[in-house]
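Have the structure open and follow along.

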Amino acid sequence: MTYQETLDWMFAQLPMYQQKGAVAYKADLSNTIKLVNHLDNPQQSIKTIHIAGTNGKGSTSSMLASILQEAGYKVGLYTSPHLKDFRERIKINGEEITEEFVIDFIAKNKAFFEENDLSFFEMTVGMAFEFFKLEAVDVAVIEVGMGGRLDATNIIEPLVSVITNIGKDHTSFLGNTLEAIAGEKAGIIKQDVPVVIGEYTEETKPVFLSKAKSLNAPIYFAQDTYIDNKLVSDLKGDYQKSNIKSVRQTIELLRKYFNITEEQEEKGLLNVVNNTNLLGRWQILSDSPKTIADTAHNAHGLTIVMNQLKNESYHDLYIVFGVVNDKDLTSVLPLLPKNAKYYFATPKISRGLDANILASQAKEFGLNGEVCSSIPEAYEKVKELANAEDLIYIGGSTFVVAEIL
């Protein structure tokens with residue numbers, strides 16, 4: 001099969017949570033364990049860092065990878081979902097996995113995948129571990145897909161575990177309370193392995209403390225440790241301030257295993273995009289009119305982003321917005337500014353919420369706008385209407401940003 005044929009097979013034959021929703025979610029690690037046994041447990045041959053959390057996982061993972069790269073190490077980075085090309089999920093020092101490796105890995109293991117009905121996410125995790133092992137990385141930063149306890153990545157024994165924060169998202173899988181969600185995320189805490197908590201609340205802190213104590217895992221609360229944080233990153237967005245605190249605490253723990261100077265830490269934070277090619281985090285697409293794309297998609301993330309939007313200067317505000325169909329609109333829509341001109345569209349995936357439904361719901365919250373046939377059409381329409389002194393914001397879903405980028 002060609003690379004495109006391989007991707008088509010992966011996407012079409014095996015259900016993927018990001019595309020299909022609940023039907024693709026497997027609350028079980030047995031298939032992943034079967035897979036890594038089949039691959040001779042490549043994850044046991046590499047040092048890893050494990051990152052979970054409701055928001056900020058991708059940014060935190062990329063910051064850590066960038067700093068380790070600046071320190072001279074060969075660094076694997078596994079993240080999800082991708083924005084444009086599947087290969088964005090698996091990188092070494094910013095270079096994406098080759099098309100040839102993807103083709104060969106699937107071809108070699110296709111019969112096993114079919115026989116065991118592996119999910120898209122499970123086989124992708126196996127691919128990442130195999131690639132990092134064969135390429136002999138010094139360390140791999142592994143981002144959780146969803147949750148933690150039952151996530152396919154949760155078979156590793158990392159040097160450090162990181163939980164960025166807890167917010168209400170994927171509640172149909174992880175629970176309806178912050179305590180329940182924290183319990184699922186805390187599932188990545190391992191026996192005697194230090195864990196960094198980026199942000200906590202009065203509901204979530206006891207959950208983390210209890211889990212860490214039961215496993216004799218040293219626990220560090222980054223929001224309390226780095227109060228006067230002067231280091232900055234090329235990743236923009238107010239939410240990065242908290243992510244930087246998590247990263248700095250994690251780097252302190254990693255100095256036990258790696259030689260990392262303060263200068264390399266500073267350079268790593270300032271060169272995240274260049275070192276890892278991360279996209280979609282308060283990304284400025286244009287200066288005139290100023291156009292911002294951001295992948296924040298739940299109440300926790302959008303609260304921070306919308307507060308930052310208030311600090312921008314503009315004449316008129318245009319918002320291109322779309323969501324997936326499992327989004328809790330009653331928690332998201334009240335956060336959006338009423339003084340904006342909205343252009344609603346359906347993300348081009350099977351889980352995309354019909355834009356007419358979105359517009360109707362938005363109207364109940366005082367958000368008025370126009371329904372467009374696609375995300376690109378909405379963006380083109382906004383670009384024609386907006387003047388140099390206006391502001392354009394694109395968001396609501398990772399998939400909305402992906403279509404624009």
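## Phenylalanines in a cluster

Let's begin with phenylalanine 105, which is buried at a relative accessible area of 4%. Keep in mind that this is a predicted model. Phenylalanine 113 is buried too, with a relative accessible area of 0%. The ring centres of phenylalanine 105 and phenylalanine 113 sit 5.9 Å apart with the planes at 45°, so this pair is tilted.

Phenylalanine 131 and phenylalanine 132 make another tilted pair, with centres 6.3 Å apart and planes at 45°. Phenylalanine 131 counts as buried at 6% relative accessibility, and phenylalanine 132 counts as buried at 0%. Ring pairs tie Phe101, Phe105, Phe113, Phe131 and Phe132 together into a cluster. Across the structure there are 11 aromatic pairs.

## The nonpolar cores

Which residues touch the most other members of the largest nonpolar core? Met10, Phe113, Met127 and Phe132 do, in a core of 36 residues. The elements that give two or more residues to this core are helix H1 (3–13), helix H3 (30–38), strand S3 (90–92), helix H5 (99–116), helix H6 (120–134) and S5. H6 gives the most, with 9 residues.

Click on methionine 127 and look around. Leaving out residues up to four places away in sequence, methionine 127 touches Met10, Phe86, Ile90, Ile97, Phe101, Val102, Phe105 and Ile106. Apart from this core lies another one, of 30 residues, among them Ile49, Ile67, Val196 and Val272.

## Strand S5, covered on both faces

Is strand S5 (139–143) enclosed or open? With 5 of its 5 residues buried, S5 is largely enclosed by the rest of the structure. In a regular strand, side chains alternate between the two faces of the sheet. Here Val139, Val141 and Glu143 are buried on one side of S5, while Ala140 and Ile142 are buried on the other.

S5 has parallel partners as well. Strand S1 (residues 48–52) pairs with S5 in the parallel sense over 4 bridges, with isoleucine 49 standing opposite valine 141. Strand S2 (residues 75–78) also runs parallel to S5, joined by 4 bridges, and here valine 75 stands opposite valine 139.

Phenylalanine 321 has phenylalanine 344 in S12 as its bridge partner.

## Salt bridges

Side chains of opposite charge can pair when their charged atoms come close. How many salt bridges are there? The count comes to 14. Glutamate 380 is partly exposed at 40% relative accessible area, and lysine 383 is partly exposed at 39%.

Glutamate 184 and arginine 149 also form a salt bridge, with the closest N and O atoms 3.1 Å apart. This pair links distant parts of the chain, 35 residues apart: glutamate 184 is in helix H8 (residues 178–185), and arginine 149 is in the loop between strand S5 and strand S6 (160–163). Glutamate 184 counts as buried at 13% relative accessibility, whereas arginine 149 counts as partly exposed at 39%.

Another salt bridge joins arginine 87 and glutamate 96 at 3.5 Å, N to O. Arginine 87 counts as buried at 17% relative accessibility, while glutamate 96 is partly exposed at 28%. Finally, Arg248, Glu252, Arg255 and Glu265 are linked in a network of salt bridges.

Terms used: Residues numbered from 1 in each chain as written. Predicted model: local features only at pLDDT ≥ 70, side-chain atom pairs only at ≥ 80, totals over all residues. Heavy atoms only, no water. Pairing = 2+ DSSP bridges. Salt bridge = Lys/Arg side-chain N within 4 Å of Asp/Glu carboxyl O. Buried < 20%, exposed > 50% of the residue type's maximum accessible area, 1.4 Å probe, protein only. Core = buried A, V, L, I, M, F, W, Y, C linked by side-chain atoms within 4.5 Å. Contact = heavy atoms within 4.5 Å. Phe/Tyr/Trp six-rings, centres within 6.5 Å; stacked < 30°, edge-to-face > 60°.
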